[in-house]
Structure formats: structure tokens, C-alpha cells
Amino acid sequence: MEIFLYIIVPILIVAALAAIFAFCLSYLGDKLTVDRDARIDDIERNLAGANCGGCGYAGCSQFAEALFKGEADISRCNPTSETNKKNIAKILGLGDIKSEQTVAVVHCAGGNRAADKYDYQGFGDCKSAEVIAGGSKACEYGCMGLCTCVHACGFDSIAICKDTGASKTDADKCRSCGACVAACPKKIIGRIPKSARVYMACSNTTKGKEVMSVCKVGCIACGKCERVCPKGAIKLDNNLAAIDYDKCIGCMKCAGECPRGCIAPMGEGIALLEKIKSAKAKKAEQDKNAPKA
């Protein structure tokens, strides 16, 4: 009898309560279910599926719902292809959208060519190093090369360059999700058009003399790039060359004239810059060997 009272009865009570709760959950689940519009699933199927968070939402599912509700813009999702963006626009009943594909670039090429304030030997992460006097680099805008951006990238499109010790992106792999942009404590990673042939590999806005004291390849605002550009696509802004990609024709004259090499080539611009440098070297050799009048 005691066994029945102290063991069997509690078990029966718990089982009964469990059955009641299960029934309530099932009943309320059916009554309170919010029908999900099928178009949300269609939108999500057209998204890149990267779940990178670059759009500002937790994942593609949440972003799809935000798009459907009109709370977000499809331009926030850089990894999604242009074709799929147009499909989403049709699902949402929007007109044809136009957006240019972009890639992330590191606006610094200093790395081991930039001076150090101290030898950092703590945990190998840029965010951790940043806590100590703003990082180990004497240039407050300099890439520390401690891989925070590398770890943030889900597409293996950014790495530490062996030659410079600074981060560099691979435009062919980059999905422009924005994860590295958000992760960089120095905020020196940005997006530019994927069709671009050149980008600014420096973020230092201090005066030339100060730049030269901390980095061998930082922009010194000499103005040569601005003077040689045939389209007025490059201007000095706050001691730093700025490129207007709406005007830039990718002639690479700015990169060819930059004495510091901080206007970096990318894509088709790499081979074009090599041709320009080769032609300049050939002309210099001819001028050197030319008979004097």
C-alpha cells in the first residue's frame, strides 16, 4: 500500500499532467498558428543562402521575412546574384532593380612595411590587440594582420598576404557579404564595384610627413594621381586620394604614377599596370642609351 501511495500515485499524476499539457499545446498550436505566406519561402529560395549576417539579420530566413514585409531592401544582400535579385523583385511586385556587384577590399597595404609601436605577443586577434593602445601599428589606420577578418569570412576569400603581412581579399571568391567589413576593428575594409580595376590601399588621413614616419607605402597626398587622371575620377580628400568609380575608366594612370604604390590594381588592372610599368622602364632605358645631341 505504501509503495502504491508513494511511487505509483505520483507517477500517475505526472503522466496525467503531461497528457493534459500535451493536449493543450497541440490544441493551442493549431489555434494560434500564423499562416506563412508561400512567397516568403520563394524569396528565401532565391537568396544566396550564405546566412552570413552581412544584411544585418540573423540569417536568410529572417531577411526573407523582412523583405516580404517591406522592412528591408534587397540591395543589402550582396552575395545574391543579379538574376535572383530580379526574381525576388518580381515576387514582391517591384519594378526592375539595378544594382552593381561589389567586392570587399582592404584599404591598407602596410603590414610589415609599417612601423610597430610594440611587439604584440598576446592572443592572435586584431580585436584583442586593438585593446592595447589601439593596436601594435604606429599607423592608427594600419592593418595588424592578426586575422580577425580572415576568421570572419565564410568564403575563404581573405588572407594575410605573405609579401606584405597585411590582409588582402580575393575578388574571385569574395561574395561581398560584409562579414569582414563588420569584423575589422580598424574599419579599413570597404566595398567597391567588382568591375573596378584599381582601389585605394591606404586609409591614413594624416599629413605626408607623418605618414612617411610610420609607413613606407602610405599615401602622402602628393597629388600626382589627381593630375594624371584624364577623367577627374580621383581627388585628394582629407590628405587621402579618393576614387570616384562613376568616372573611373580603369586606365591605370593613377596607379602607374603613384610614387608610394598605394593605389593598387585588381582584376584586369593587374596586367594593365604591368604593361604600363614595362613601357615606362623600356622608355627610360631608351632615353638613357640615346645619343646626346
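Rings of Phe, Tyr and Trp (its six-membered ring) form a pair if their centres lie within 6.5 Å; planes under 30 degrees apart count as stacked, over 60 as edge-to-face and the rest as tilted. The model shown is predicted, so local features need pLDDT of at least 70 and side-chain atom pairs count only at pLDDT 80 or more, while totals for chains, interfaces and linings use all residues. Residues are numbered from 1 along each chain as its sequence is written, and side-chain values use heavy atoms, with hydrogens and water left out.

**View 1. The aromatic pair of Tyr57 and Phe63.** The whole structure holds 1 aromatic pair. The ring centres of Tyr57 and Phe63 are 5.7 Å apart and their planes lie at 45°, so the pair is tilted. Tyr57 and Phe63 are both buried (under 20% relative accessible area; exposed is over 50%, partly exposed in between; 1.4 Å probe, protein chains only).

**View 2. The buried residues of helix 3 (residues 60-69).** Helices (H or I, at least four residues) and strands (E, at least two) are DSSP runs, numbered from the N terminus. In helix 3, Cys60, Phe63, Ala64, Ala66 and Leu67 are buried. These residues cover an arc of only 165° around the axis, which places them on the same side of helix 3; the arc is taken from the directions from the helix axis to the C-beta atoms. The buried residues of helix 3 pack against helix 2 (38-46) and helix 4 (82-91).

**View 3. Ile192 in strand 4 (residues 189-193).** Ile192 is buried, with a relative accessible area of 5%. Beyond its neighbours within four places in sequence, Ile192 is in contact (heavy atoms within 4.5 Å) with residues including Val103, Tyr199 and Met266.
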